[in-house]
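Reader: I am new to this one and would like to go through it slowly. Could you walk me through it while I look?

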Amino acid sequence: MANEILSEQINKDYEYGFVTDIEAENAPKGLSEDIIRFISTKKNEPEWMLDYRLKAYRYWLTLEEPHWAHVSYPKPDFQNIIYYSVPKPKKQLGSLDEVDPELLKTFEKLGISIEEQKRLSGVESRIAVDFVMDSVSVKTTFKETLAEKGIIFCSFGEAVQEHPDLVKKYMSSVVPYTDNFYAALNSAVFTDGSFCYIPKGVRCPMELSTYFRINSAGTGQFERTLIIADEDAYVSYLEGCTAPMRDENQLHAAVVEIVAHKNAEVKYSTVQNWYPGDKEGKGGIFNFVTKRGVCLEDNSKISWTQVETGSAVTWKYPSVILKGDNSVGEFYSVAVTNNYQQADTGTKMFHLGKNTRSTIISKGISAGFSNNSYRGLVRIAKGATNARNFSQCDSLLMGDKCGAHTFPYIEIKDKSGIVEHEATTSKIGEDQLFYCKQRGIDNEKAIGLIVNGYCKEVLNKLPMEFAVEAQKLLAVSLEGSVG
Amino acid sequence: MLSIKNLHASIDGKEILKGINLEVKAGEIHAIMGPNGSGKSTLSAVLAGREEYEVTEGEIIFNGKNLLELSPEDRAREGVFLAFQYPIEIPGVSNVNFLKTAINEIRAYKGLAPMEAKDFLARLKEKQKLVELDGKLANRSVNEGFSGGEKKRNEIFQMAMLEPKLAILDETDSGLDIDALRIVAGGVNKLKSKDNATIVITHYQRLLDYIVPDVVHVLYNGKIVKTGPKELALELEEKGYDFIKEEVNA
Ligand SMILES: Nc1ncnc2c1ncn2[C@@H]1O[C@H](COP(=O)(O)OP(=O)(O)O)[C@@H](O)[C@H]1O
Ligand SMILES: [Mg+2]
């Protein structure tokens, strides 16, 4: 089936590059305490939230932009960004009929249905979607169904209003605003995002999904996601992202925090397809994201799976703090770069509890003139007895003008810890391609086949619907890169 | 079916094939023998359309079509199959998925709809039996971690699945023990029909105990220097290639 889909998709350019003609209400360009107050007022936030933002902002002012990553790009002009953009009219959306028809068209073009009924009938596994356009969440589906189980799935803004105690308790507990430059920026100006709480003993009956889209010109997207799985809870969470094709670079600086309590499990899957810029490297999204989860208590598990095909520059290290004993952290990643894309991505696994386990499988694919780096840290703290890590970092090169780099850092403070690291670099072989052709399979299809085979261990971790989308994306991203 | 006339081919400016002439008719099995380095694999690569080789002179007509004008994949779709001397591994791509893709690509070329899943499965079962291929191998990644013999057997399995018109077996016998040899040869014999043809490239006469050729050619230094009936193979086995070399150089 994968191949049929691949064949449909081959020869497509970035297909999500359309702009939706929706009136938006924007804040003036630039960043100041006034802008932050403006955002906070617009969102009708309580005092403690504004205080948090301002603290983060003042701290951010003291920071320098980080430069340690293996990427180079023009410094974003932080005064030339719109930090708040809301599709108008902004009112409570009770039913689908009230949604702006232009917005509905956007959904359709993106191939996501917000008509819950359709989902119910057609697809075997149901997905609840929170759709975030520019700065705000515009529609969350299946809320009522989920509420019956006590699951809270709503926009971050709504959570601040409706569940302030939960937000107060967990926000910033995994990624403090002092964490890094972009986390501080996000904490100051974030406008919306998704919030999810799975109560004790509940297995979330459907995939929860957030779809992020940057639409307006000149805007940055700074969303926050907070996922909490209480004791014995389980949730699988999906994140997708697209943006229009624009000549200028747009900034996306998100923060994602995950908390897993005792025996809880959270699976977080991302298919990142922000606009990568054109073939000459003009335009595209700067994707500077801080994602971290904490296995707070015993026997909990957090798994990150990501397929990264988009963005001009990616800087992202989904990490797990393994605090509870016997907790498990996983990172499965495919990162594709083509043309002039640059990616510096990987993970950090912090082993604090006893018998903690982590697995890292990273598959980098570079084509064109791109640069693709894996950067990972495995730290085993003193007292984290019998911690184990297995890391495998593979790089696949297509052509001879691209680069692949691996930066694994290992710190073992407890003698009982065992860390295994394997790394390979290979070139997509003329021999492999010829072998496929000799069996009647053309170049593009052969590349799709070989690349999907190479990424199989990671793609297998994705929920079904996402795996299909990811396979398509891989083929499209690498179109025309060999032969 | 296949007509090769005065074929010259070179790689990196070095001429390897120096005027090959060969006529193969439907229903025939031809054996091409010759010492190492004589150009046997080069001939099969040129037939399959490997781009590194430059054809400097001559023509290849396959079922009325100028083969040299077709891309490698179109040659395959027209029914040319090459069992590789050194089969390639494709990690993560299952044999089954690989073959399904290949079959449907070939069908699409002929304007046919993709094969029904149940028909595909039926063919898979049938051919697996034919070449006595372990069912587990069919589901494993293409050639990944296969032993030398398993790889060769997998080539014959693919051949059986794709049902080509012209199959070229490049030293499929090398590295096979006697049982595997018998199975591989049995597969080739069972697939023989009046509509298809096979070119068996081999170094040793051994394989020809099992696959009986209609014609035997000796390739030496880029040329076919001798053609004869199946007994020629026995003569070669007995006397070695030296007598050919002497004849040629005399
Ligand atoms: N890529 C190449 N570059 C240069 N010479 C080559 C290359 N491939 C094959 N040859 C030469 O071509 C000749 C024929 O090789 P080959 O067709 O593999 O012979 P055979 O299959 O009969 O053993 C040999 O002398 C070999 O060294
Ligand atoms: Mg050879």
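Author: A place to begin is B:Met33, which stands opposite B:Thr202 in E10(B). Please keep in mind that this is a predicted model, in which local features need pLDDT of at least 70 and side-chain atom pairs count only at pLDDT 80 or more, while totals for chains, interfaces and linings use all residues. Residues are numbered from 1 along each chain as its sequence is written, chains are lettered from A and ligands numbered from 1 in the order in which they are written, and side-chain values use heavy atoms, with hydrogens and water left out.

Reader: OK, and how many bridges join E3 to E10 in chain B?

Author: Strand E3 (residues 29–33) and strand E10 (residues 197–202) of chain B are joined by 5 bridges and run parallel. Strands here are DSSP runs of E with at least two residues, helices are runs of H or I with at least four, and both are numbered from the N terminus; two strands pair if DSSP finds at least two bridges between them.

Reader: What is the strand order in that sheet of 6?

Author: The order is E6-E9-E10-E3-E11-E12 in chain B, an open sheet with mixed pairing. E6 and strand E12 (223–228) of chain B stand at the edges with a single partner strand each, so one side of each has no neighbour in the sheet. Neighbouring strands are turned by 20° against each other on average, direction ignored (axes are lines fitted to C-alpha atoms, for helices over the stretch in contact, and angles run from 0 to 180 degrees between N-to-C directions).

Reader: Switching topic, how many residues of chain B are in contact with chain A?

Author: In chain B, 31 residues are in contact (heavy atoms within 4.5 Å) with 20 residues of chain A. The count of salt bridges between the two chains is 3, where a salt bridge is a side-chain nitrogen of Lys or Arg within 4 Å of a carboxyl oxygen of Asp or Glu. B:Arg50 forms one with A:Asp431, the closest N and O atoms being 2.8 Å apart.

Reader: Which helix gives the largest share of that side of chain B?

Author: That is H3(B), which supplies 6 residues of the side touching chain A.

Reader: And within chain B, what does B:Asp74 meet in a salt bridge?

Author: The side chain of B:Asp74 meets that of B:Arg77, at 3.0 Å from N to O. Both residues lie in helix H2 of chain B, 3 residues apart, about one turn of the helix.
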